[in-house]
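Here is a short briefing on one protein structure. Keep the model open beside the text and find each residue as it comes up.

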Amino acid sequence: MLNEVQAIILGLIQGLTEFLPISSTGHLYLGRHLFDLDEAGIYLDTMLHIGTLLALLVVYKDELGHLIKKPFSKLTALLIVGTIPAVIAGLLLNDWFDELSKTGMTIGWEFLATGFILWMADNSRRGTKTLDGITIQDAFIIGNFQAFAIMPALSRSGLTIAAGLLCKLDRATAAYFSFLLSIPAISGGIVFQLKPVVTGAIEPLPFSTLFLGTLSSAFFGYLAVMWMINFLKKRSLKIFSIYVWTLGGLILILQYTGKF
C-alpha cells in the first residue's frame, strides 16, 4: 500500500517530469515499479495529474482569465487546433496506451526517441516568433507532436517544445506555448482516468496520502514550469537528451538481462 512518503516522492517526480522534457509517464512507471506500487496506478496518476493541472492554473491565471473574457480570440483557436490531434489519439488509442503504460515494454526505446527529437530540435536554426506570431498551422503541427506523446515515455513537453522550435518559435515562447497547450491535454487525460475512479472499479487510497501526493505534484510542477521557461531562454536542450539516452539505454540493458 502506498504510504505518505512514497506519495510525496511520486508527486515530486510527476511535478518535475511533467514539465521537464523527460516524460512524466515514463518516470512515474519507474517510480511505481521501484516502490512495487503497480496496483496504485490509475487512482494515483489521476491525483498527481490534478496536482500538475493546479500548478498550470496558477501560472497561467492571467491568460485563462483573458480566454474567459474573450473566448473567440486567436489564442482560443490556437489551443483548440493544437488539442484536436491529442483528442483523436486519445479516443482511438487509449486502451493500447494503457496496456503499454502497464507493461513498460517500450519505454526504453521511447526515452531514446525523446532524446533524438530534443537534440534535432535544439540544432535547428533559432526562431524569432513570439506568442502573437504563432499561426494555426504552427498550432496544428505542435498538436500532432503532442498526439505522438501518448506513448508512455515520449515526453509531451519535450515533443511540443521541439515542435515549437522547428516551427521557428523563439525558445521561451516554445516552452510557454507548450505548457499552455498542456492544460486541455492534462484536463482531458484526467477525464479519461476518472471513470474507473468514480465508478469504484479500483480501490481508493487514503485521503491523506492522496492529498500529500497531489500537493507535492502541484508545488514541484509550479517550480518546474517557471524554471523551464527561463532555462530555455539561454540554455540547450541537449542536457535532457543525454539524460534520457542514458536512462533509456540502462532500461534496455536491464530488460535484456531480465533484471527489469
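Predicted model: local features only at pLDDT ≥ 70, side-chain atom pairs only at ≥ 80, totals over all residues.

Side chains of opposite charge can pair when their charged atoms come close.

**Asp45 and Arg32**
- Start with Asp45, which sits in helix 3 (residues 41–59).
- Its side chain meets that of Arg32 in a salt bridge, at 2.9 Å from N to O.
- Arg32 belongs to helix 2 and Asp45 to helix 3, so this pair ties together parts that are 13 residues apart in sequence.
- Is Asp45 buried or exposed? Asp45 counts as buried because its relative accessibility is 13%, and buried means under 20%.
- Arg32 is buried too.
- Leaving out residues up to four places away in sequence, Asp45 touches Leu28, Arg32 and Gln193.

**Asp122 and Arg171**
- Asp122 forms a salt bridge with Arg171, and the closest N and O atoms are 2.9 Å apart.
- This pair links distant parts of the chain, with Asp122 in helix 6 and Arg171 in helix 9 (residues 171–198), 49 residues apart.
- Asp122 has 10% relative accessibility, so it counts as buried.
- Arg171 has 6% relative accessibility, so it counts as buried.

**Lys129 and Asp138**
- A salt bridge joins the side chains of Lys129 and Asp138, at 2.8 Å from N to O.
- Lys129 counts as partly exposed because its relative accessibility is 26%.
- Asp138 is at 6%, so Asp138 counts as buried.

**Helix 11**
- Helix 11 covers residues 238–256, which makes 19 residues.
- From first C-alpha to last, helix 11 reaches 27 Å, close to the 27 Å expected at 1.5 Å a residue.
- Which residues of helix 11 are buried? They are Phe240, Ser241, Val244, Leu247, Gly248, Ile251 and Leu252.
- An α-helix has 3.6 residues a turn, so residues three or four places apart point the same way.
- What covers the buried residues of helix 11 includes helix 2 (24–35), helix 6 (107–122) and helix 10 (207–234).
- The face turned away from the buried side of helix 11 carries the exposed residues Ile239, Thr246, Ile253 and Tyr256.
- Just after helix 11 comes Gly258, with a positive phi of about 75°.

Technical notes
Residues numbered from 1 in each chain as written. Heavy atoms only, no water. Helix = DSSP H or I, 4+ residues; strand = E, 2+ residues; numbered from the N terminus. Buried < 20%, exposed > 50% of the residue type's maximum accessible area, 1.4 Å probe, protein only. Contact = heavy atoms within 4.5 Å. Expected span 1.5 Å × (residues − 1). Salt bridge = Lys/Arg side-chain N within 4 Å of Asp/Glu carboxyl O.
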